[in-house]
Amino acid sequence: MIQRIQSIFLAISAIAMFAMLFLPLWQKYNPETEQRALLTAIELSYTEGDEVKQHVYTFYIAIMAFVSSIISVGSLFSYHNRMKQMKLNMINSLVMAITIGLTIYFLFEGEKMFEVSKQGQWGYGFFCVPIALFCNSIANRFIRKDEKLVRSADRLR
């Protein structure tokens, strides 16, 4: 049934991972020198004023976020097969962990670009992944709970 509580969590997970594609993940800014490093799901760019000094494509993050979003939607519509749904959620958790790992890797690359002493700031996009991971695990918990309920009802027959 698509109207179960786990459907809401899977939808939130899909939306959060899709939103990550459009939100900044991390940035570092120095107002005195007009230096800025900005990490998004598509690119890591380093600018001084209006001039782009360094540009690195980070499309791996975008690919993993998009794949995770697709897996969440696939899991959402696999409500008739709970075991398949749980497997998809496990795979999705792995994809989200890889997304976090890639984001942190590129974040450290961005930290090296200028003034190591200054700390960068997390963007809203970075927090989408832990939110999606949390919602995915809660959905998996409710799916497991439904599966136990169905199995207990089968034993009574």
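Residues are numbered from 1 along each chain as its sequence is written, and side-chain values use heavy atoms, with hydrogens and water left out. As the model is predicted, local features need pLDDT of at least 70 and side-chain atom pairs count only at pLDDT 80 or more, while totals for chains, interfaces and linings use all residues.

Let me begin with confidence. The predictor's confidence in each residue is expressed as pLDDT, from 0 to 100. The chain has a mean pLDDT of 89, and 94% of its residues reach 70 or more. Confidence is highest in helix 2, at 96, and lowest in strand 4 (residues 51–57), at a mean of 86. Helices (H or I, at least four residues) and strands (E, at least two) are DSSP runs, numbered from the N terminus.

Five strands form an open sheet in the order 4-3-2-1-5, with antiparallel pairing. Its edge strands, strand 4 and strand 5 (121–122), each pair on one side only. Two strands pair if DSSP finds at least two bridges between them. Strand 1 (residues 26–30) and strand 2 (residues 35–39) run antiparallel and are joined by five bridges. Within strand 2, L38 is the bridge partner of Q27.

Next, the helices. How does helix 1 pack against helix 2 (residues 59–76)? Their axes, which are lines fitted to C-alpha atoms over the stretch in contact, lie 8 Å apart at an angle of about 160°. Angles run from 0 to 180 degrees between N-to-C directions; those under 35 degrees count as roughly parallel, over 145 as roughly antiparallel, 65 to 115 as roughly perpendicular and the rest as oblique. Helix 1 and helix 2 are therefore roughly antiparallel. In their contact (heavy atoms within 4.5 Å), residues of helix 1 including L10, M17 and F18 meet residues of helix 2, among them I61, F66 and L76. This contact has ten nonpolar, six polar and no charged residues. Here Ala, Val, Leu, Ile, Met, Phe, Trp, Tyr, Cys and Pro count as nonpolar, Asp, Glu, Lys and Arg as charged, and the others, Gly among them, as polar.

Finally, helix 1 (residues 5–20) also approaches helix 3 (residues 82–111): the axes come within 13 Å and cross at roughly 25°. These two helices are therefore roughly parallel to each other. L10, S13, M17 and M20 in helix 1 meet Q85, N89, N92, M96, T99 and T103 in helix 3. By class, that contact comprises four nonpolar, six polar and no charged residues.
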